[in-house]
Amino acid sequence: MEKRQLVISENVQVARDPLGRPTFRIVLSVPQGSSDSVGQEFREKSERSQTAPAARSLRMRAGQFVDIAIPGFFLRRPISVCDCSDDRLMLYYKVVGDGTQLLSTLPAGTQLDVLTGLGNGFRPDACREAALLAGGGLGVAPLYLLARELLALGREVTVVLGFNSAGEVVLEEAFRALGVRTLIATMDGSAGVKGFVTDAIAQAAPAYDYFYTCGPMPMMKALCAALPAPGQASLEERMGCGAGFCYGCSIRTRSGVARVCKDGPVFDKEDILW
Amino acid sequence: MVKDLGISLCGLHFANPVVPASGTFGFGLELADAFDLNLLGGISLKGTTREARYGNPTPRIAEACGGMLNAVGLQNPGIDALVEDKVPALRKIYRGVVIANISGFSVGEYAACCARADACEGIDVLEVNVSCPNVHNGGMAFGTDPQAAAAVTRAVREVSRKPVFVKLSPNVSDIVSIARACEDAGADGLTLVNTFLGMRIDIRARRPVLANGTGGYSGRAIFPVALRMVHQVAHACRIPVMGCGGVATAADVIEMMMAGASVVQVGSENVRNPYACPEIIAALPELMDKLGIDKLSDIIATV
């Protein structure tokens, strides 16, 4: 975890769901020539300063998230990372309440206080040869970075993106540009296969030895029940601190009580008590 | 000139008066990789009961104007894990004051847990939580009645050699009467305040936001109310006070101390900013300089 002061490079609406709620893509960048990390500062003062990295890259693992302080609101808003480089983060978020509504109005150039590097992330090396990635709604966002990680490991990737309707689809072209097999499912049939991601999977019958999923809990539950292979799911829970010390997002798992923000958000299929 | 941030309290030395409040800093270890914990004057550990508790169902957290609601419900690994695992592990990396926060569902449970904590070498202070609003038939039930608060204090006092601080609830009509009852029953000090019992409703779903229905309201918004209670109690009692409630800045720390606090606990601000405590401590010397304060302990209860 680090606390960074990042600048909005882009904050644009890219889709809209059937309820009229817009989806935004936001790109956050390291300000030019700045020393923006508070975690760095206090670690350097400490006796264990040798553990602090010299160059502070923004790179994170797929499935990890950031926690953004939104001006005028007390709690931060946790958002998973879709893509990252040394100095940029790309995130997708839906306007679902007052906090994300305000976030959507902030123009490029606005500075935001962001906790980075939160959560455990997916384990791409759990897949031996071919991976199936299934996302629902904005659950597709972290799967993009995961697809890149899997490709870098030489794994084959099939991705299934589920949405309510065509107007809500995001990242389809980005996945295709990676060269991965990309399937779309929509509830109303306005794009791709009509139905759930499980319907699209049944039709296409992709070969895979491990699956990864992120999306609404009912979708992930159905998927984990339907797919015989082992896999991982990224869970969602209302969070307080986002960093594992307030115990606001605890859930029960087969291996005991776990904090979604710190021990997760990614859990093994076998560990989840739906 | 060099500023003196040190505080002496009940024979203990705090390097500075800033202490993360119970429940907002886990057992300390959770934040060991975030910054050097030895920057902190003390740490108040997460509320602990005799048996391990999962706590309340989720959602346990809700946004509220100027603060937040929580209904975690005293999730903790139990007193055995506290004294055998958590505190020894923390002591390997932390030299400051360690405050064990103890909760319970009966006078006997409070006494039993405090006796265990008292015998644990790494613990310096027992903070007796008679003010948790998120559990039934426990916690706050003992902190809203002077006689019940006194009974818990007396029972704990009898089994403890270490300083006993009673953490008070603000959900009372007369906090001074509770504070005096605890003082008379042998408390060495008081921590105040815990959270305010609150509620939010999701107006679209037409149900409470928190699964527990109600929760404790905390954050910057409660600061003036907490400050008033600290002022009242500090001037009515002879024992020291740890001030708590909505503290978010170095200025808040100084204000709380002028009101009567010897040590100042930072709570919900940690939840929105894990670096809140080291940031506040780093800001204190410059603010002291501006205000003409050389020694922080000089300003306690001066207003």
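Trainee: How many residue pairs are in polar contact between chain A and chain B, both at pLDDT 80 or more?
Mentor: This is a predicted model, in which local features need pLDDT of at least 70 and side-chain atom pairs count only at pLDDT 80 or more, whereas totals for chains, interfaces and linings use all residues. Residues are numbered from 1 along each chain as its sequence is written, chains are lettered from A and ligands numbered from 1 in the order in which they are written, and side-chain values use heavy atoms, with hydrogens and water left out. A polar contact is a pair of N or O atoms within 3.5 Å, where within protein one must be able to donate a hydrogen and the other to accept it, and residues adjacent in sequence count only if both atoms are side-chain atoms. Between chain A and chain B, the residue pairs in polar contact number 16.

Trainee: Which element gives the most to the side of chain A that touches chain B?
Mentor: Helices (H or I, at least four residues) and strands (E, at least two) are DSSP runs, numbered from the N terminus. Strand E1 (2-16), helix H1 (38-45), strand E13 (250-253) and strand E14 (256-259) of chain A each supply at least two residues of that side. With five residues, the element that gives the most is H1(A).

Trainee: What is the area buried between chain A and chain B?
Mentor: In this pair, 33 residues of chain A are in contact (heavy atoms within 4.5 Å) with 42 residues of chain B. Buried area is the accessible area (1.4 Å probe) that two parts lose on being put together, summed over both. Carbon and sulfur atoms give 59% of it here, and the area is about 3,100 Å².

Trainee: Which residue of chain A forms a salt bridge with B:Glu63?
Mentor: A salt bridge is a side-chain nitrogen of Lys or Arg within 4 Å of a carboxyl oxygen of Asp or Glu, and the rule finds two across the interface of chain A and chain B. For B:Glu63, with the closest N and O atoms 3.1 Å apart, the partner is A:Arg77.

Trainee: What is the relative accessible area of B:Ser160?
Mentor: B:Ser160 lies in the loop between helix H3 (146-159) and strand E9 (164-167) of chain B, where a polar atom of its side chain is 2.7 Å from the backbone oxygen of B:Val156. B:Ser160 also touches B:Cys114, B:Asp118 and B:Leu126, not counting residues up to four places away in sequence. The residue is buried, and its relative accessible area is 8%.

Methods:
Buried means under 20% relative accessible area, exposed over 50%, partly exposed in between (1.4 Å probe, protein chains only).
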